[in-house]
Amino acid sequence: MANSSCVTEFLLLGFSSLGKLQLVLFVVFLCLYLIILSGNITIISVIRLDRSLHTPMYFFLCVLSTSEIFYTIVILPKMLINLLSALRTLSFMSCATQMFFFLGFAVTNCLLLGVMGYDRYAAICRPLHYPILMSWNVCGQLAGICIVSGFLISLVGTTLVFSLAFCGPNKVTHYFCDISPVIRLACAETYINELVIFICGVLALIMPFIFICISYGFIVHTILKIPSAEGKRKAFSTCASHLIVVIVHYGCASFVYLRPSAKYTSDKDRLVTVTYTIITPLLNPMVYSLRNKDVQLAIQKMIGKTRFPLKTL
């Protein structure tokens, strides 16, 4: 990809304009990063250890948490290093690799949220057919399709960006190699590349979101038919956590990716990007643990088991 480019490395400007405040940001982002890792690892561990959580909904939550961990690993360690370092360069191939894996896990998350919406539709609207519609074989296939599709779309997007010629400058006004700030540095016509990337963005963001909206339309219609208020509350509570994550994730990602790179504004976009690269992965375990009684109970049981041997000693 680098044959037609004289740029061999990129300079990630990140938060360099903030001066000494970068040290404060380092502490804040490091704490958030550790919380993200510990929160998602806790969710994965609890789901794996508690047999009562061995259901399709929690299987997809486990896959989502795993993807969120790798999603943040691709971005945050390098960002934290750059906050303390004067050397903020990233080689041409490293930048392409970072973009590929970031987009791959990001699109995978979008598709997984769509599948999780379908799972809620099948559980609430088709309860008698649910064991067939969401068998373990089907769940595995859906998860595999999300991952493969996510990285295929990422491969297309990354190739379209880095097949362009980069003659200089090489300063990326962002804290990682994202599409808009990098493609703006190309010294060739980018219209066709951006159009194809936009179409990929529509497939990755709008199509799953429309699917989720349709699923929840059927879910609301079914829930309103439930005679008891307790039954309605319980049905809505199983969807609330998923809806919160969907709104934040799709809202921020759509704002950044479903528009031309010419409209990219570094300060505003960087703030929004922080939301979906840090806040969304942080939100996922917090929402599902704080709002979900099954997960809360499983965590309490796991803590109880670890305490019991200590008491017997």
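On a 1 Å grid over the protein atoms alone, a cavity is a set of points where a 1.4 Å probe fits but cannot get out, while a pocket is an open set with protein on both sides within 12 Å along at least five of seven lines; lining residues have an atom within 4 Å of a point. Grid points are joined across faces, edges and corners, and a volume is the space filled by probe spheres set on the points.

A note for every view: this is a predicted model, so local features need pLDDT of at least 70 and side-chain atom pairs count only at pLDDT 80 or more, whereas totals for chains, interfaces and linings use all residues. Residues are numbered from 1 along each chain as its sequence is written, and side-chain values use heavy atoms, with hydrogens and water left out.

**View 1. The largest cavity holds about 250 Å³ of space.** Searching the whole structure turns up 3 cavities of 30 Å³ or more. The largest one has 18 lining residues, with Leu103, Val107, Gly201, Ala204 and Tyr257 nearest its centre. Two or more residues each come from α3, α5, α7 and α8 (helices, H or I with at least four residues, and strands, E with at least two, are DSSP runs numbered from the N terminus). Top contributor is α7, with 5 residues. By class, the lining has 14 nonpolar residues, 4 polar and no charged; here Ala, Val, Leu, Ile, Met, Phe, Trp, Tyr, Cys and Pro count as nonpolar, Asp, Glu, Lys and Arg as charged, and the others, Gly among them, as polar.

**View 2. The largest pocket has about 450 Å³ of space.** It is lined by 19 residues, and the ones closest to its centre are Lys234, Ser237, Thr238, Asn292 and Asp294. The elements giving two or more residues to this lining are α2 (56-84), α3 (92-125), α8 (229-257) and α10 (293-312). Of these, α8 supplies the largest share, at 6 residues. The pocket lining splits into 7 nonpolar, 6 polar and 6 charged residues.

**View 3. Helices α5 (residues 136-162) and α7 (residues 191-223) cross at roughly 160°, their axes coming within 10 Å.** That angle makes α5 roughly antiparallel to α7. For the angles, axes are lines fitted to C-alpha atoms, for helices over the stretch in contact, and angles run from 0 to 180 degrees between N-to-C directions; under 35 degrees counts as roughly parallel, over 145 as roughly antiparallel, 65 to 115 as roughly perpendicular and the rest as oblique. This crossing of α5 and α7 is left-handed (the near helix is turned anticlockwise from the far one by less than a right angle; clockwise would be right-handed). On the α5 side, Ile153, Val156, Gly157, Leu160 and Val161 make the contact, and on the α7 side Asn193, Val196, Ile197, Cys200 and Ala204, where contact means heavy atoms within 4.5 Å. The residues involved are 8 nonpolar, 2 polar and no charged.

**View 4. Helix α1 (residues 21-49) packs against α2 with axes within 9 Å and a crossing of roughly 160°.** So α1 is roughly antiparallel to α2. Their crossing is left-handed. The contact of α1 with α2 has 23 nonpolar, 6 polar and 1 charged residues.

**View 5. The axes of α2 and α5 come within 11 Å and cross at roughly 25°.** The two helices α2 and α5 are therefore roughly parallel to each other, and their crossing is right-handed. From α2, Pro56, Phe59 and Phe60 meet Trp136, Cys139, Gly140, Leu142 and Ala143 of α5. This contact of α2 with α5 counts 7 nonpolar, 1 polar and no charged residues.
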